[in-house]
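Have the model open as you read.

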Amino acid sequence: MAYIAKILFISLAFFFGMGVGQLSEVEEYYNKDLSREEVIEAWYMDDSDDNQRLPHHRVPNEFVSLHKLAELGVLSWRLDADQYETDEELNKIRESRKYLYMDIIEVSPDKLPNYEDMIKKFFEEHLHIDEEVRYCLGGSGYFDVRDRNDAWIRIWVKKGGLIVVPAGIYHRFTLDSSNHVKAIRLFAGDPIWTAYYRPHADHLPARKQYVETFGMITEGTAQAINDDAIDNVDEL
Ligand code: KMT
Ligand code: NI
């Protein structure tokens, strides 16, 4: 499907008379997106209360594009997780977004203290007054976020995927059936992990700010926000 979309996109670019140089830029941008989609996939969830670690696709599937996620303030990158200790791309993201703090969390029955409690807490719908930034180094997991109509979008983050869940968005996390994830937690400033559970967080300034910023956004603006975030990083 993605392949067909790519061919179509490039044919259109030709049709509209882009030069070869321009085309390779377009293609490079498009390839970047396609490759990001290998480690970050999103879809609307079904309504079943079955095992939270199952994918919960709707029938038929309803995938959600990374641009659509950006409309909700959810940003993402793909990086080389095997090089995270010396990765210039990661450093650029950290510099431009001020993620000075970083640590590693491993979620699995034998690695995380209070595993059962933590797993329950992660999956309760909540928000934070700061961004939740996670970079997956191994394993995988699901970040679920609410869209503007309060429907759940499931975001599957795998090795190499870096995700920014914006301040004030209602969300939750669960492991998938692989039962293991190792991730870097990034934070701008001194880390605050406090979760405010729904509905008690509705009155918080961070929630109001989120709704104001992303509640009525148009597609064009969202695209600009995401492009701007990625460009800012590339410029450094
Ligand atoms: C969180 O805050 O939900 C987590 O840290 C989940 C584990 S990180 C992949
Ligand atoms: Ni959270």
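One cut-off will come in handy: a residue counts as buried when its relative accessible area is under 20%, as exposed when that area is over 50%, and as partly exposed in between. Keep in mind, too, that what you're looking at is a predicted model.

Start with the whole chain. There are 7 helices and 11 strands to find your way around. Of its 236 residues, 44% count as buried. Now look at who touches whom: take the contacts between residues at least 6 apart in sequence, and 75% of them join residues at least 24 apart.

Next, the charged side chains. The structure has 14 salt bridges, and a few of them are worth a visit. One is formed by Glu-41 and Lys-158, whose closest N and O atoms are 3.0 Å apart. This pair ties together distant parts of the chain: Glu-41 belongs to strand E1 (residues 40-44) and Lys-158 to strand E7 (residues 152-158), 117 residues apart. Are the two partners buried or partly exposed? Glu-41 has 24% relative accessibility, so it counts as partly exposed. Lys-158, at 19%, counts as buried.

Another salt bridge pairs Lys-111 with Glu-106, and here the closest N and O atoms are 3.6 Å apart. Lys-111 has a relative accessible area of 48%, so this residue is partly exposed.

Now move over to Glu-125, which forms a salt bridge with Arg-198; the closest N and O atoms are 2.7 Å apart. Again, distant parts of the chain are linked, but look to the loops this time. Glu-125 lies in the one between helix H5 (115-122) and strand E5 (126-127), while Arg-198 lies in the one between strand E11 (196-197) and helix H6 (205-214), and the two residues are 73 apart. Glu-125 counts as buried because its relative accessibility is 16%. Arg-198 comes in at 30%, so it counts as partly exposed.

Terms used
Residues are numbered from 1 along each chain as its sequence is written. Chains are lettered from A and ligands numbered from 1 in the order in which they are written. This is a predicted model: local features need pLDDT of at least 70, side-chain atom pairs count only at pLDDT 80 or more; totals for chains, interfaces and linings use all residues. Side-chain values use heavy atoms; hydrogens and water are left out. Helices (H or I, at least four residues) and strands (E, at least two) are DSSP runs, numbered from the N terminus. Buried means under 20% relative accessible area, exposed over 50%, partly exposed in between (1.4 Å probe, protein chains only). Contact means heavy atoms within 4.5 Å. A salt bridge is a side-chain nitrogen of Lys or Arg within 4 Å of a carboxyl oxygen of Asp or Glu.
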